[in-house]
Amino acid sequence: MNHPTTSEPRDIAPAPAAIPYPENLYRFDTVAEGISGDFSAVTEAHIQYFHQHGYLVIHDAFRPDEVQDALAGMVHLMDGNHPDFRAIQFEPKLAKRKNALEGQERRDAIRKIFKFVDYEPRLNAMAEHSGMLGVLQRIMDDTPELYQDMALVKPPHFGSEKPWHQDCAYFDLPRGTTVVGVWIALDEATPENGCMHIIPGSHNEGPMIHFKRRDWQICDTHVPVARDTMVPLQPGGCLFWHGMLHHGSPVNQSTQRRRALQLHYKPASCEAITTQERMAVYGSEGKAVEC
Ligand SMILES: O=C(O)CCC(=O)C(=O)O
């Protein structure tokens, strides 16, 4: 698949340290609405729902065999079976021991893999899934182009938090671009193992200043936590979300793995901006803001 590389800082930065966060930063009492069926069940009303609320959950998006193939492809890369694939980031707590680990123990020390589609046809097949691309095309009213491929693999016990953020704060793309993330559950994603949390409607509330704290993130005290909505998913379920939507995910404190694919698409016609232009919008420098 042809896609541009991004200057997105997460891809090259070491994993952020696993720092504790305020206990009430995530709520666990509201669950996102979703639709049953696969991509063919998506109606025009669902596309409008995405634009209004900034997200769309499709519960039966991918078949069990597609999920199994994706998992096999992911494990293949994690196990070092492709000589040129190096884009593996370990959980901060376990990174020092990574060379001593093997097999499942080593896989369960990994926080994320990224830029994998060119190395693994089974993962590329997910990124090129025609049903998914069809929904993206309808949302964007343009041809979707893969912008970033990543898999956050929150291992049991250690899987670290991804603090609240807007994806557009990471992407050198013009303000107003309909960037869409697709988060595909390969294991069951639950409140206990760190499923996604979103703030519905926040994509319409403008850019948030991001700060370098536990990660490049929205300040904990600026998050409208009262509106936190969880997105638990069964394997094969997926979440589409707008690049401006506030989202994050708490730690995995359970004994269950939480492997997922996260693919971002941009409209093909949209051109890049500079990192400086992006930071003028999302960075705190020169602004009277504190965290
Ligand atoms: O997979 C997760 O837990 C959240 C990942 C995320 O939001 C991101 O990397 O932008």
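Which residues are around the ligand? In this predicted model, the residues around the ligand are L152, K162, D167, G194, M196, H247, S249, A260 and Q262. Sorted by class, this shell holds three nonpolar, four polar and two charged residues. Two strands each contribute at least two residues to the shell, namely strand 12 (247–249) and strand 13 (258–267).

The protein chain as a whole contains six helices and 13 strands. Its radius of gyration is 18 Å, close to the 19 Å that the globule rule gives for 291 residues, and the chain is therefore as compact as a globular protein of that length. The C-alpha trace spans about 45 × 45 × 40 Å along its principal axes.

The following table lists overall values for the protein chain.

| Property of the protein chain | Value |
|---|---|
| Radius of gyration | 18 Å |
| Span of the C-alpha trace along the principal axes | about 45 × 45 × 40 Å |
| Buried residues, of 291 residues | 43% |
| Contacts joining residues at least 24 apart, among those between residues at least 6 apart in sequence | 86% |

The interior may be described next. Buried residues account for 43% of the 291 residues in the protein chain. The largest nonpolar core has 65 residues, of which Y55, I184, C238, L239 and F240 touch the most other members. For C238, leaving aside residues up to four places away in sequence, the residues touched are I58, A61, F62, V182, W183, I184 and A185.

Definitions and conventions
Residues are numbered from 1 along each chain as its sequence is written. This is a predicted model: local features need pLDDT of at least 70, side-chain atom pairs count only at pLDDT 80 or more; totals for chains, interfaces and linings use all residues. A residue is near a molecule or strand if its C-beta atom, placed from the backbone, lies within 6 Å of it. Helices (H or I, at least four residues) and strands (E, at least two) are DSSP runs, numbered from the N terminus. Ala, Val, Leu, Ile, Met, Phe, Trp, Tyr, Cys and Pro count as nonpolar, Asp, Glu, Lys and Arg as charged, and the others, Gly among them, as polar. The radius of gyration is taken over C-alpha atoms; the globule rule is 2.2 Å times the number of residues to the power 0.38. A residue is buried if 20 or more other C-beta atoms lie within 10 Å of its own, exposed if 12 or fewer, and partly exposed in between; C-beta atoms are placed from the backbone. Two residues are in contact if their C-beta atoms, placed from the backbone, lie within 7 Å. A nonpolar core is a set of buried Ala, Val, Leu, Ile, Met, Phe, Trp, Tyr and Cys residues joined through C-beta atoms within 7 Å.
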